[in-house]
Amino acid sequence: MVRLDLCDVVLRRMQEKDIEAVKALIKEGCEGTENRLILHLLTRPLALLMLATLSSILRCVLHSFIMALVIPVFLLIIYLKLTIPRSVGILGSSRPYWDYVGSSYHADTEPDLPNPLSNRAKLITNQEKSRRRKKAKEKEKEKTNEREQVDEDELKERARVAGEVWVADSDGDIMGCVARDGWSRDGVCRICRLVVQSWYRREGLGRLLVQGLESKSKQNGIRRVYAHVPFPSRVGEAFFRRLGYRLQGETAGTEGEEEDEDYEEPQKGWLGFPLTKVFVKDL
């Protein structure tokens with residue numbers, strides 16, 4: 001496998017032509033997350049107690065120990081499969097779905113995220129390539145806009161509410177993405193999705209995406225970044241700790257009062273069980 005050269009990676013806003021590729025990337029990256037969340041919920045003491053109670057009742061009705069054991073678990077798994085995507089949506093976001101069209105509105109006119117590993121010459125070359133791609137796609141974009149017939153004011157409102165998605169692009173190949181929620185508080189932002197294509201993992205691309213977003217946020221006056229990590233994900237927890245994040249509630253030196261003021265509520269699912277852990281970093 002050829003090692004990825006992070007200096008050649010361009011961190012740019014997701015455009016409309018990238019929507020399907022980003023959706024496929026997120027689907028691949030979250031393939032096992034839902035199953036891990038379900039297993040986590042099923043093994044909570046309260047859930048086990050409820051399942052045991054239902055099994056005891058069904059055993060008296062069905063006169064079959066195996067059926068009485070399997071049916072409650074099976075029904076609960078189906079219920080969680082149907083409700084977890086609606087309640088969780090994009091982890092860290094309060095919305096049930098992500099507005100990709102709103103996120104990509106006028107994204108091609110915004111500057112790229114800074115790549116701390118690229119030197120100036122390569123950065124200029126990447127920007128020239130990006131401009132050429134934009135010019136080549138202008139006619140196609142005009143045709144797309146004519147087909148959609150979407151009101152300009154509606155798109156502006158959607159773009160204001162929608163979050164921002166930044167992709168890692170190398171010669172037109174989208175290798176990863178990071179999403180920042182449209183929700184905002186003064187001086188605070190929220191990372192709600194970080195995905196890297198399986199072929200490019202453990203190459204430092206995830207670190208590059210997060211550091212680029214942190215640098216951009218700091219330039220915009222953001223002083224604190226929150227990241228929601230699925231509760232059973234030890235890999236995700238270790239990743240953000242290596243980047244200087246700490247679990248919310250852990251001591252942060254002399255900033256105890258500020259921690260209470262900017263408390264971020266973790267997402268919760270069935271019976272109020274937490275689905276995410278909240279990590280925080282002060283810029």
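Mentor: At 19% relative accessibility, Lys-281 counts as buried, since buried means under 20% relative accessible area, with a 1.4 Å probe and protein chains only. This is a predicted model: local features need pLDDT of at least 70, side-chain atom pairs count only at pLDDT 80 or more, and totals for chains, interfaces and linings use all residues. Side-chain values use heavy atoms, without hydrogens and water, and residues are numbered from 1 along each chain as its sequence is written.

Trainee: Which side chain meets Lys-281 in a salt bridge?

Mentor: First, the rule: a side-chain nitrogen of Lys or Arg lies within 4 Å of a carboxyl oxygen of Asp or Glu. Here the partner is Glu-214, at 3.2 Å, N to O. Glu-214 sits in helix α9 (residues 205-219) and Lys-281 in strand β7 (residues 276-282), 67 residues apart. Helices (H or I, at least four residues) and strands (E, at least two) are DSSP runs, numbered from the N terminus. Glu-214 is buried too, at 9%.

Trainee: Which residues do salt bridges with shared partners join into one network?

Mentor: Arg-12, Lys-17, Asp-18 and Asp-169. Within it, Asp-18 and Arg-12 meet at 2.6 Å, N to O. Both are buried.

Trainee: Where is Asp-18 placed?

Mentor: In the loop between β1 (10-13) and α1 (19-29).

Trainee: How many salt bridges does the rule count?

Mentor: The count is 10. Another is Glu-164 with Arg-180, closest N and O atoms 2.1 Å apart. Glu-164 lies in β2 (residues 164-170) and Arg-180 in β3 (residues 173-180), so the pair ties together parts 16 residues apart in sequence.

Technical notes: Buried means under 20% relative accessible area, exposed over 50%, partly exposed in between (1.4 Å probe, protein chains only).
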